[in-house]
Amino acid sequence: MEKLQGQGLAEALAGLPHWHYDAARGAIAREFRFRDFAEAFAFMTQIALAAEARNHHPEWFNVYNRVAITLTTHDADGLTGRDVELAHYADAACARFAG
């Protein structure tokens, strides 16, 4: 998978308004918050299954109701479409817990 650059990178980031881009790492990151640990863990389970199916695994950190996710493609030394796809999946999974 090719690293996103230029206009492709700008367009990908524009579609991920809740994610923060770290140019030095070539990564995007976001923190998700849930009502409690059980919701956070259920969210992480959904992401873990999706990541395993895609063979593309996030860097993440969990404390009680917070889950911080960082996505980058190490083989490409930066952000790729695989990261963007998993970020959109995570956003949609999080939205299912709202309400």
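This is a predicted model: local features need pLDDT of at least 70, side-chain atom pairs count only at pLDDT 80 or more; totals for chains, interfaces and linings use all residues.

Residues are numbered from 1 along each chain as its sequence is written, and side-chain values use heavy atoms, with hydrogens and water left out.

Helices (H or I, at least four residues) and strands (E, at least two) are DSSP runs, numbered from the N terminus. Two strands pair if DSSP finds at least two bridges between them. Strand E1 (residues 20-22) and strand E2 (residues 27-33) run antiparallel and are joined by 3 bridges; Tyr21 has Ile28 in E2 as its bridge partner. The two strands form a hairpin with 4 residues between them, and Gly26 in the turn has a positive phi of about 65 degrees. E2 also pairs with strand E4 (residues 66-71), in the antiparallel sense, over 6 bridges. Here Ala29 has Thr70 in E4 as its bridge partner.

Thr72 lies in the loop between E4 and helix H3 (81-95). Is Thr72 buried or exposed? Thr72 counts as buried because its relative accessibility is 8%, where buried means under 20% relative accessible area, exposed over 50% and partly exposed in between (1.4 Å probe, protein chains only).

A polar atom of the Thr72 side chain lies 2.7 Å from the backbone oxygen of Gly26, and the backbone oxygen of Gly78 lies 3.4 Å from a polar atom of that side chain. Not counting residues up to four places away in sequence, Thr72 touches Arg25, Gly26, Ala27, His56, Glu59, Gly78, Leu79 and Asp83, contact meaning heavy atoms within 4.5 Å.

Note on methods. A polar contact is a pair of N or O atoms within 3.5 Å; within protein, one must be able to donate a hydrogen and the other to accept it, and residues adjacent in sequence count only if both atoms are side-chain atoms.
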